[in-house]
Amino acid sequence: MEFPAGFLEKYEGILGEEFPAFKASFDQPAESAYRVNPLKAKTADFPDAIPNSRLGHYGKVSGKSIAHATGLVYSQEPAAQAVAELAAPRPGMRVLDLCAAPGGKSTHLLSFMENEGLLISNEISGKRSKILVENIERFGAKNTVVLNESPERLSKVFPDYFDLIVIDAPCSGEGMFRKDPDAMQYWTPDYPLECSILQKEILEEAMKMLAPAGSLVYSTCTWAPEEDELMTSWLLEQYPSLEKTAETKCWPHLQRGEGQYLARLKDRREKDDRPKLKAAKSNWNKGQKELWQAFEKEALTVQLHGVYQVFGDQLYLLPEATPDLGRLRIARNGLHLGTFKKNRFEPSFALGLALRPDEVKQHVSLNESDFARYVAGEALPGQEATVKGWVQVLSEGNGLGFAKVANQTLKNYYPKGLRFYI
Ligand SMILES: C[S@@+](CC[C@H](N)C(=O)[O-])C[C@H]1O[C@@H](n2cnc3c(N)ncnc32)[C@H](O)[C@@H]1O
């Protein structure tokens, strides 16, 4: 592997005797892994569990597999899995993932939250926030708002608000060099210092949003001390109420995985009354409420609770305690429930991914060959005569959207932008 000038010399100085093993690790293939999603109703036996990880397994999953399409698995290399494993929020917490796309840490955080509390998953880049939404939806999140904002604008809306903030910072990316050699193109000896300046700006805004007694988890996928240990020291100096409660660095010559640094800092201020933020409010009209309730009664076995908001003809459900998001740029206003059509309601694909089968009255289960036809957008004739109207489509026991059955044919609602051929 060709490294940028100055990179090997830097790590020879830092690692000393360990350096030859570090250098040799780049001759090995990058390590692949994935996590299993505990929010899904039906799981499976996956081999090769990662030691000391609650959800991780070594190995590759195909993006065209049923497990991937239904959100049962999420590909993430092993070292990156250490971040949310350390953060591990409890259900009911207010959590912010400030630099979230494409969603590796956010979906892992969700795995610990049991769909209770609130996750604000934020991504500054508009394009990347769309991929984040897709991944959050596939995961089946019911308690997540995706924002497309700068840290500065967020900190004005959420002062002292979050119990846990994860900052998986934009960084010099040295830990990705083996997996993605293109990541080397930006590296110069000064690049880590340049990244550290941006990281300080992001951390300053994050600290304005940390609730008293909250925790901040800071991570990078680089080994550069300027962005890792020195950044944590800077935080401890700037914010005397913080205490370091964990710090780890992952090296490819010492463990199976790529590069990662992570630190957890706990705020020692007394837990007192936080500023009360204005709550988000339902904004639907009577007719819209009736159309949703008619659908709920016809198709679901449960009633959904939260704040119902309509944008244009789209209906969303926010967790009960969501604050008013004001003028923030919203990429996903909670769970997308569906679309108001003339005198009827059409459920969304996201709702069919998020609901467990026992929350829906009718289902159509796809075998492997029907799955291939369904994700390619085909209608599926030959359904049972007793099945009519909205059904949740299941594959290997997990939801894969809603579809409508009429005249024994399943009409395909699989989103056009997600269709693929196997
Ligand atoms: C390391 S990546 C995040 C990876 C993500 N946490 C995951 O696990 O999938 C860092 C993210 O920070 C975003 N970013 C870049 N500049 C930023 C800034 N000034 N403030 C906040 N986020 C920024 C990038 O767009 C990128 O998506």
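Predicted model: local features only at pLDDT ≥ 70, side-chain atom pairs only at ≥ 80, totals over all residues.
**Entry 1: A100**

I began with A100, which counts as buried because its relative accessibility is 4%; buried means under 20% relative accessible area, exposed over 50%, and partly exposed in between, with a 1.4 Å probe and protein chains only. Residues are numbered from 1 along each chain as its sequence is written, and side-chain values use heavy atoms, with hydrogens and water left out.

I found A100 in the loop between β4 (94-97) and α5 (104-113). Helices (H or I, at least four residues) and strands (E, at least two) are DSSP runs, numbered from the N terminus. Leaving aside neighbours within four places in sequence, A100 is in contact (heavy atoms within 4.5 Å) with S106, S121, N122, E123 and L132.

**Entry 2: the annotated set around A100**

Which residues does UniProt list for "binding site"? The unreviewed entry gives C99, A100, A101, P102, G103, G104, K105, E123 and D168. I noted that UniProt positions are given in the numbering used here, feature names are shortened, and annotations may be inferred rather than shown by experiment. These residues are spread over 70 residues of sequence, yet they cluster in space, with a largest C-alpha distance of 12.4 Å. The lining of the largest pocket takes in C99, A100, A101, P102, G103, G104, K105, E123 and D168 from this set. For the record, a pocket is found on a 1 Å grid over the protein atoms alone, as an open set of points where a 1.4 Å probe fits, with protein on both sides within 12 Å along at least five of seven lines; lining residues have an atom within 4 Å of a point.

I then looked up K105, whose place is in helix α5. K105 is buried, with a relative accessible area of 11%. Beyond its neighbours within four places in sequence, K105 is in contact with Q76, A80, V83, A84, D97, D168 and Q260.

P102 is found in the loop between β4 and α5, and a cis peptide bond with omega of about 5 degrees joins A101 and P102. Most residues other than glycine have a negative phi, and most peptide bonds are trans.

**Entry 3: C221**

The UniProt annotation "active site", from an unreviewed entry, covers C221. I found C221 in the loop between β8 (210-220) and α9 (229-238). Not counting residues up to four places away in sequence, C221 touches C171, G173, E174, G175, M176, G259 and Q260.

**Entry 4: N143**

Is N143 buried or exposed? N143 counts as buried, at 1% relative accessibility. Its place is in the loop between α6 (126-139) and β6 (144-147). The side chain of N143 reaches the backbone oxygen of E116 at 3.3 Å, and a polar contact of 3.3 Å joins the side chains of N143 and T144. A polar contact is a pair of N or O atoms within 3.5 Å; within protein, one must be able to donate a hydrogen and the other to accept it, and residues adjacent in sequence count only if both atoms are side-chain atoms.

**Entry 5: rings**

How many aromatic pairs does the structure hold? I noted 34 aromatic pairs. Rings of Phe, Tyr and Trp (its six-membered ring) pair if their centres lie within 6.5 Å; planes under 30 degrees apart count as stacked, over 60 as edge-to-face and the rest as tilted.

The rings of Y11 and W223 are edge-to-face, because their planes stand at 75 degrees, with centres 6.2 Å apart. This pair links distant parts of the chain, 212 residues apart: Y11 is in helix α1 (residues 7-15) and W223 in the loop between β8 and α9. Y11 counts as buried at 0% relative accessibility, and W223 at 2%.

The rings of F295 and F402 also form an edge-to-face pair, with centres 5.9 Å apart and planes at 75 degrees. F295 lies in helix α10 (residues 286-299) and F402 in strand β18 (residues 398-406), 107 residues apart.

I also saw that ring pairs link a cluster including F3, F7, Y11 and W223.

N343 is in the loop between β14 (335-341) and β15 (344-347), and N343 is exposed, with a relative accessible area of 72%.
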